[in-house]
Amino acid sequence: MSENDAMIILKLTEMRMSDKMEDAFIWMYTQYKANSYEEFKEKYPLTSGTKERKYFSTVCNFFELCGVLVLRGYLNEDLFFDLGFGLDVIWRKVKLIMDDFKKETSVRMYENFELLYDKHEEWVKKNPPKIQPKWFHNIFISEDFKIFKI
């Protein structure tokens, strides 16, 4: 890890904490819901320029940028994945539409975001949480974010 990595992660953190980005992330976490690309287009049409569509693009473009930086080696993956910025939660929300979204737009659309998530999954397997709360072993979180006690 270099000083340059630290500067990049600080800049990404600054971007992520901006009001515009914060609004977009909060919307993605709390209100975005599309089980298919058809539903996505109906709820968040591109032609209308809705704030919701802008929020979607803002968050996905942020992770696309992060993907380029990590995948091309400009940013240390351990440093990025240790922070994460909610990558896993956001990808699980948008992955349902991505195949059809790419068919209609470009096969390369958000490819670095997707590859970043795949790389993150590999990283998670090799890097367990540093601290595991006592309750951690007794819960399961489903794909639709429901929490079950086991």
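In the predicted model, Leu87, Asp88, Ile90, Trp91, Arg92, Val94 and Lys102 of α6 are in contact (heavy atoms within 4.5 Å) with Glu111, Phe113, Glu114, Leu116, Tyr117 and His120 of α7. Seven of the residues in this contact are nonpolar, one is polar and five are charged; Ala, Val, Leu, Ile, Met, Phe, Trp, Tyr, Cys and Pro count as nonpolar, Asp, Glu, Lys and Arg as charged, and the others, Gly among them, as polar. The model is a prediction in which local features need pLDDT of at least 70 and side-chain atom pairs count only at pLDDT 80 or more, while totals for chains, interfaces and linings use all residues. Residues are numbered from 1 along each chain as its sequence is written, and side-chain values use heavy atoms, with hydrogens and water left out.

Helix α6 spans residues 87–104 and helix α7 residues 111–126; they pack at an angle of about 135°, and their axes are 10 Å apart. Axes are lines fitted to C-alpha atoms, for helices over the stretch in contact, with angles from 0 to 180 degrees between N-to-C directions. The two helices are therefore oblique to each other, a class left for angles that are not under 35 degrees (roughly parallel), over 145 (roughly antiparallel) or 65 to 115 (roughly perpendicular).

The chain contains seven helices and two strands, in the order α-α-α-α-α-α-α-β-β from the N terminus. Helices (H or I, at least four residues) and strands (E, at least two) are DSSP runs, numbered from the N terminus. Buried residues (under 20% relative accessible area; exposed is over 50%, partly exposed in between; 1.4 Å probe, protein chains only) account for 36% of the 150 residues in the chain.

There are 25 aromatic pairs in the structure. Rings of Phe, Tyr and Trp (its six-membered ring) pair if their centres lie within 6.5 Å; planes under 30 degrees apart count as stacked, over 60 as edge-to-face and the rest as tilted. Phe25 and Tyr29 form a tilted pair, because their ring centres are 6.0 Å apart and their planes lie at 50°. Both are in helix α2 (residues 19–30), four residues apart, and so are separated by about one helical turn. Phe25 is buried at 0% relative accessibility, whereas Tyr29 is partly exposed at 32%.

Phe40 and Phe101 make an edge-to-face pair, at 5.9 Å centre to centre and 85° between the planes. Phe40 belongs to helix α3 (residues 37–43) and Phe101 to helix α6, so this pair ties together parts 61 residues apart in sequence. Phe40 is buried at 0% relative accessible area, and Phe101 is buried at 4%.
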